[in-house]
Amino acid sequence: QVQVVESGGGLVQAGGSLRLSCVASGSIFRINVMGWYRRAPGKQRELVAVFADGGSANYADSVKGRFTISRDNAKNTVYLQMNSLKPEDTAVYYCKVEVLRPNFLTDNYWGQGTQVTVSS
């Protein structure tokens, strides 16, 4: 089993910054993709940023130039640096980890979410 735990959310004023962290632990052969998603009140969950192992980062258009995703493979950790935050960034942020099994099948694991609230 794999556990995914996010941290770093909170309340910040518009224009401020937050850094989210997500750590995966447990029975991990290899991690393919680590990414961040968010769900705002009354909206569907959406992709924020993803980082494939050995690949490049991809961002939602709404966060390009403001958010930066990075990962530390040695620590099975992914970060999301969020700058120039806007009230519309308010959401619960979820970490998703795609784990590769030795037989090359994959499993997706989600964290419990961390609340980010941006006040105007």
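**Strand architecture, disulfide and core of the predicted chain**

From the N terminus onward, the elements of the chain follow the order β-β-β-β-β-β-β-β-β-β-β, where helices (H or I, at least four residues) and strands (E, at least two) are DSSP runs numbered from the N terminus. The chain accordingly contains 0 helices and 11 strands. The radius of gyration of the chain is 14 Å, close to the 14 Å that the globule rule gives for 120 residues, so the chain is as compact as a globular protein of that length; the radius is taken over C-alpha atoms, and the rule is 2.2 Å times the number of residues to the power 0.38. The structure is a predicted model, in which local features need pLDDT of at least 70 and side-chain atom pairs count only at pLDDT 80 or more, whereas totals for chains, interfaces and linings use all residues. Residues are numbered from 1 along each chain as its sequence is written, and side-chain values use heavy atoms, with hydrogens and water left out.

Along its principal axes, the C-alpha trace of the chain spans about 50 × 25 × 25 Å. Buried residues account for 41% of the 120 residues in the chain, with buried meaning under 20% relative accessible area, exposed over 50%, and partly exposed in between (1.4 Å probe, protein chains only). Among contacts between residues at least 6 apart in sequence, 54% join residues at least 24 apart, a contact being defined by heavy atoms within 4.5 Å.

An open sheet is formed by 4 strands in the order E1-E3-E8-E7, with antiparallel pairing; two strands are taken to pair if DSSP finds at least two bridges between them. E1 and strand E7 (67–72) stand at the edges, each with a single partner strand, so one side of each is left without a neighbour in the sheet. The twist averages 15° from one strand to the next, based on axes that are lines fitted to C-alpha atoms (for helices over the stretch in contact) and on angles that run from 0 to 180 degrees between N-to-C directions. Strand E1 (residues 2–7) pairs with E3 over 6 bridges in the antiparallel sense, and Glu6 has Cys22 as its bridge partner in E3. E3 is also joined by 6 bridges to strand E8 (residues 77–82), the two running antiparallel. Within this second pairing, Arg19 has Gln81 as its bridge partner in E8, while Val23 stands opposite Thr77 of E8.

The residue Cys22 also takes part in a disulfide with Cys95, with an S to S distance of 2.0 Å. Under the criterion that a disulfide is a pair of cysteine sulfur atoms within 2.5 Å, the count comes to 1 disulfide. The bond links distant parts of the chain, with Cys22 in strand E3 (residues 18–26) and Cys95 in strand E9 (residues 91–100), 73 residues apart. The torsion about the S-S bond of Cys22 and Cys95 is about -80°, so the disulfide is left-handed. Both Cys22 and Cys95 are buried. Ser21, likewise located in strand E3, is buried with a relative accessible area of 17%. When residues up to four places away in sequence are not counted, Ser21 touches Val5, Glu6, Ser7, Trp36, Val78 and Tyr79.

In soluble globular proteins, nonpolar side chains tend to be buried together. The largest nonpolar core of this model has 30 residues, and those with the most contacts inside it are Trp36, Leu80, Met82, Tyr93 and Val97; such a core is a set of buried Ala, Val, Leu, Ile, Met, Phe, Trp, Tyr and Cys residues joined through side-chain atoms within 4.5 Å. At least two residues of this core are supplied by each of E1, E3, strand E4 (30–39), strand E5 (46–52), E7, E8, E9 and strand E11 (114–119), and the largest share, 5 residues, comes from E9. The contacts of Leu80, not counting residues up to four places away in sequence, include Trp36, Val48, Phe67, Ile69 and Tyr93.

Val99, which lies in strand E9, counts as buried at 4% relative accessibility. Its C-alpha atom is separated by 7.7 Å from that of Tyr109, 10 residues apart along the chain. Beyond residues up to four places away in sequence, Val99 touches several residues, among them Val2, Phe29, Ile31, Leu105 and Tyr109. By contrast, Gly8, placed in the loop between E1 and strand E2 (10–13), is partly exposed at 33% relative accessibility. With the sequence neighbours up to four places away not counted, Gly8 touches Leu18, Arg19, Leu20 and Thr114.
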